[in-house]
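Student: I would like to learn how to read features in a structure. Can we go through some together?

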Amino acid sequence: MDDKQQQQMINELEGSDRVLNGYWLTAVLIVAVFMSVFHLWVAGFGLPGIGSKTFLIFHLTLALVLIFMIFPVKRKMGQTKIPIYDIVLAAFSLYVGMFIIQHQNASSIMSGNPTGYEIFIGLALIIIVLEATRRVVGYPLVIIALIFIAYFFLGEYMPGQFYHSRGDFERFIYEITYRNNGIFGTPIYASAQFVFIFILFGALLESTGAGKMFIDLALRAFGRYKGGPAKASVVASGMMGSISGSSTANAVTTGTFTIPLMKKVGFKPHVAGGVEVAASSSGQFLPPIMGAAAFIMVELTSIPYYEIIQSAIIPAILCYIGILFMVHFEASKNGIKGMDRSELAKGRRLLMQQGYLLIPIFVLLYFLVIERVSVNNSAFYSITILLVIALFAHRFKENMGRSLLFAAILLAIAYTFHYVISLLNIGLYNLNNVINTNFFATETIRWKDPIATMVLIGIVVALIFALGQKKFKVDAAPVRYGMREILSGFELAARNSLSIVVACATAGILIGVITTSGLSTKFTRIVVGFSSDLASMVPAFMQTANTELYFALILTVFACLLLGLGLPTTATYVVLAAIVAPVLTDMGVPVIVAHLFVLYYGVLADDTPPINLPAYATAGIAKAGPVRTGVQGFKYDSAALLLPFVFTMNPTILLITDAGWLEVVWAIFTAMIGMVAFASFIQNWFITKYHWIERIIAVAVALMFIQNNYITDLIAIVAFVLLIVFQVFKKKRNPNVTAAQAS
């Protein structure tokens, strides 16, 4: 499957089966590239003389225009051009966006008394956003939004604590469309400021062929071991998923290579597809990008980005360890071996061929973690060095002299451009008098000194790798990067962002309703009261200090799985963070713990059949049933099912307590044993097949590790060691247990 076929599969799965050509395709390319370049410019040079609210409106407007150009009103219409009604919708979306930009500071808006026409435009925006969400994301999120809107207007008819009397039509339109707690609230702000630029980084990295490099490196590291291709799939998907905002795109990109290899060594088609689903979806947990949720978490919690990824890193690694053990047990009970060493590429040659693609990731981590530079600036610098390295890596090897000349010219421009920008800013500021406007400021364009440094480092890195490839006779990277690949990356980024943009806009409607109606505090009281009632039904000898919290967490899990069914991960997290996370924080759970808890189960909801887009993607590659593949994906992800309970009861593994390093190591060690025990319980296998009593002991061990208690930890460890000893004894007595017997 080539890149074009991969992208077509992703588009169809996400609702865009409109295959354009000719000038229609060119029009989409222009809008998509403009959208990406605009966000790249803002990330690097700041807002071009416009306010942040205007930037958000531009962000949403461009996405809406692109959606009506790309996504048909319903699937399987076989359209090869944009119908007139979608052209009208795209044009009207542009008009609505421009109208709101022009009237955002009007006296009627500032005073809270919008005119009739402003109310009409606000209503039109809400309808357009919901229609765009329906086309891109599907019906579930739209239905949830409509339920919330209905609740806003029918509040006076609601019983008990759900009652409210704030259902005024004009107030609703005003709050949702013209204030900062509706469509243009926190979710869309995070989408515009942070999420898009990282989607662009991931798309450009993917356009260089980095995905294939990750797969080859993972195969080299794990391919020769038991179930090797599946383990390599987990690691490669984790690496790609950590910088990708789309689990579906990740599943297609890596699954195209890994699923056939898994089938080749003996994994059943639906199992191979399920492994890829779990590995691709779980990338949403893994820093630095965490499927874009990390940046929204920054805005919702006011916790610095560095602290969020610091807290997320250990649970994310534990989650992947859980998936790896699930794969290992699957391979063990089915006798699946690894690949022959001769089938694997040499690690050194791989790194020499494409290892330079790791440099931008290290640069990103350096600016984010060490320098603590702003998120969008860090991504901009990483994109700068990525483009420079990718453009020159091939060219230095092909024609050293000419490429060095071009590199010197680029470097000279980069180091002198801040003088040019000063002159440009003076000219733009003076232009205000000519055209009678105040649009341009004295610093409309803001130069960043690290840009020139990134250009220099990129050139040096590309030169070093080109010389190394010549010396060691290593082929150049399979992708010769040029303008076509850059434009492809820009277009891919805009396409990949659309589901997140409209999901965040619709989530803004939900948050607006929750805030305006006062639902958030009422929902908290309802859940806390229900948890208290359930806890009172537990016999006294079984109760602990955390009994009520346990019930609240269990209710939260069901809420996450239900609300997240069929939604993109980012939308799921925004909805859960607005509705569910406050319940946990009001019960004394630290803010970062509550938000990571709902994120984990929100991502798990994305793996839940029957609405599971990554499963449809991998099922098509594996030639298996999508529902059966989705069930396997949920199964492999469920190794980490108890992990959020573990870090809620013992936040030490999130590195947010004052615990010493020995306590941290102990917490990580016990959590890992618990996950291994739970994975073996699910697979009904450890060293050999479990007896039903052994299986009960395995799940009991896993559950005991949830309690933050040294006594229960020691009891669980002793029980687990005895379980291992008995399994070894059974294996010696009966070494030929087959997969059929184990199933």
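Tutor: Start with Y85, which is found in helix 4 (residues 84-103). Keep in mind that this is a predicted model.

Student: Is Y85 buried, exposed or partly exposed?

Tutor: Buried means under 20% relative accessible area and exposed means over 50%. Y85 has a relative accessible area of 36%, so Y85 is partly exposed. Together with M77, I84, I87 and V88, Y85 forms a nonpolar patch on the surface, with about 440 Å² of accessible area.

Student: How should I read a salt bridge?

Tutor: Side chains of opposite charge can pair when their charged atoms come close. Here, D86 and R18 meet in a salt bridge, at 2.5 Å from N to O. D86 lies in helix 4 and R18 in the loop between helix 1 (3-13) and helix 2 (22-45), so the pair ties together parts that are 68 residues apart in sequence.

Student: Which other residue forms a salt bridge with D86?

Tutor: R135 does, with the closest N and O atoms 2.9 Å apart. R135 lies in helix 6 (residues 116-136) and D86 in helix 4, so this pair ties together parts that are 49 residues apart in sequence. D86 counts as buried because its relative accessibility is 0%, and R135 counts as buried at 6%.

Student: What about R134 and E131?

Tutor: Their side chains meet in a salt bridge too, at 2.9 Å from N to O. R134 and E131 are three residues apart in helix 6, so about one helical turn separates them. R18, D86, E131, R134 and R135 are linked in a network of salt bridges.

Note on methods:
Residues are numbered from 1 along each chain as its sequence is written. This is a predicted model: local features need pLDDT of at least 70, side-chain atom pairs count only at pLDDT 80 or more; totals for chains, interfaces and linings use all residues. Side-chain values use heavy atoms; hydrogens and water are left out. Patches are made of residues with over 30% relative accessible area and no salt bridge: like charges are joined within 9 Å, nonpolar side chains (Val, Leu, Ile, Met, Phe, Trp, Tyr) within 5 Å. Accessible areas come from the Shrake-Rupley method with a 1.4 Å probe; for residues, only the protein chains shown count as cover. A salt bridge is a side-chain nitrogen of Lys or Arg within 4 Å of a carboxyl oxygen of Asp or Glu. Helices (H or I, at least four residues) and strands (E, at least two) are DSSP runs, numbered from the N terminus. Buried means under 20% relative accessible area, exposed over 50%, partly exposed in between (1.4 Å probe, protein chains only).
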